[in-house]
Every structure is written in C-alpha cells, then in structure tokens.
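Have the sequence and the structure at hand.

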Amino acid sequence: FRSVIVGFDISNLGTTFAVASLVCFREGRPDKSGYRRFRIKTVEGQNDFAMMNEVVKRYFSRLLEEKRPLPDLLMVDGGKGQLHLALEALVAIDCPPFPVVGLAKRNEEIYLPGRSEPVVLDRSRPALKVLQALRYEAHRFAVSYNRQLRLKRISESLLDEIPGMGETRRNALLREFGSVAMIRKASVQEIVERVRGIGLEFAETVHDFLQSHR
C-alpha cells in the first residue's frame, strides 16, 4: 500500500456544530500531517450529502490552487449518494480525474463511478481492511472535533453569566485570550492592559467570577 488514500466523514449534532474531517493514509498507515478539519459554511440543517459536496470542493480546490499532488484514491463514507455528490464537486472545480469510491457501512459495499451495482470484497481482504480503517479514523477525527467545539461553546457560555458582560466585551476577551481557560489564568492587570474597553473594576469582576467557577 504505497499509495496515498484520503477519506472524508461528516459529523453534525442537530442543526449545529456541523463539521467534517479528512484523514490521510500513506502506505496503509495514518499520516496525521495530512489530516484536516472543516466547519461547514454553506449548508443549513442536516444534509450530509450537501456537506460532503462542500468539503470535497473546498479541499480539492485548495490542492489545485497550491499545485499539490492529488491522492491516489479518495474514499467517501457512504453509498451512491455520497459518491455522486463528491464526484459532482470534483467536476465543478475541473479537477483532473483520479479514483474515487464510496464505502457503505451496512454490507461494506464499495461503490464505483459508472457502476450501478457495488463491489463486495471478502471481509478478509487487506484492501477492504485498509478502507475500513480509513473510515473508522475519519469518523473518530470528525466526532472528536465536533465534541471539542461543543465543549468550547459550553465553556464560553460561562462568560455570559458574568454581571455586566455584553457581546462586545465577551468577543473582545475571547479574541485576545483565545479561550475561557486562558482568561482564567490572566491577572486583573493583564485583562486591563490587553483588552481595550475593559477597566479595572470590570476586570476584577471577570477575574473573581472565573476563579470561583472552576
């Protein structure tokens, strides 16, 4: 397995936190330098097909723009629908042709462009095991990113409980420190010096509140 294979997966919880992952296997093993994470930008609601189209288009547009090599194989998690939307995305950006397959979970069916019936390999075949491992890793990576965003949102909502905290101050604090954890580590003086529009009294309020809500 000396080829480079990439695989996409979509993870969304309700109508929020829609994300996608891309993982890369080189010579049959994970190559984490090639992993990518995506926030869905153009699709509303739970439309995994449209989300797959969006992220395939975004990723391969970037590859073409940067004149980087295409993978030897693209695998999308799903059957005919996901495969069709991935191919549609590649055609839309004039991507040179290369192998693309869809792997459906139920019976581990491999869907190929131009074929109505899937290919079903023996479960012991090394080629199928590599595709299964790629799909599992893409799913794990997507779910972990989704969870990370949800935890970040929950953490940031703590700021809204601080008396006197408005959207402008909240955004300014997060923009400067990056996270609630980093704001919590800052001294009152640091908050005053680094965040425009926040005076000593409110900085003390923020500091005391976050220290008491660990």
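Helices (H or I, at least four residues) and strands (E, at least two) are DSSP runs, numbered from the N terminus. The model is predicted: local features need pLDDT of at least 70, side-chain atom pairs count only at pLDDT 80 or more, and totals for chains, interfaces and linings use all residues. Residues are numbered from 1 along each chain as its sequence is written, and side-chain values use heavy atoms, with hydrogens and water left out.

**Strand β6**

Buried means under 20% relative accessible area, exposed over 50%, and partly exposed in between (1.4 Å probe, protein chains only). Five of the five residues of β6 are buried, so this strand is largely enclosed by the rest of the structure. Val100, Gly102 and Ala104 point one way, while Val101 and Leu103 point the other way.

Two strands pair if DSSP finds at least two bridges between them. β5 (residues 73-77) runs parallel to β6, with four bridges. Val76 sits opposite Gly102. On the other pairing, β7 (residues 109-111) is antiparallel to β6, with three bridges. Here Leu103 faces Ile110. β6 and β7 make a hairpin with four residues between them.

**Positive phi**

Most residues other than glycine have a negative phi. Which residue in the turn of the β6-β7 hairpin has a positive phi? That residue is Glu108. Glu27 and Asp94 also have positive phi values.

| Residue | Phi | Location |
|---|---|---|
| Glu27 | about 55° | loop between β2 (16-26) and β3 (29-30) |
| Asp94 | about 55° | loop between α2 (80-92) and β6 (100-104) |
| Glu108 | about 50° | turn between β6 and β7 |

Glu27 is partly exposed, at 45% relative accessibility. Asp94 is exposed, at 66%.
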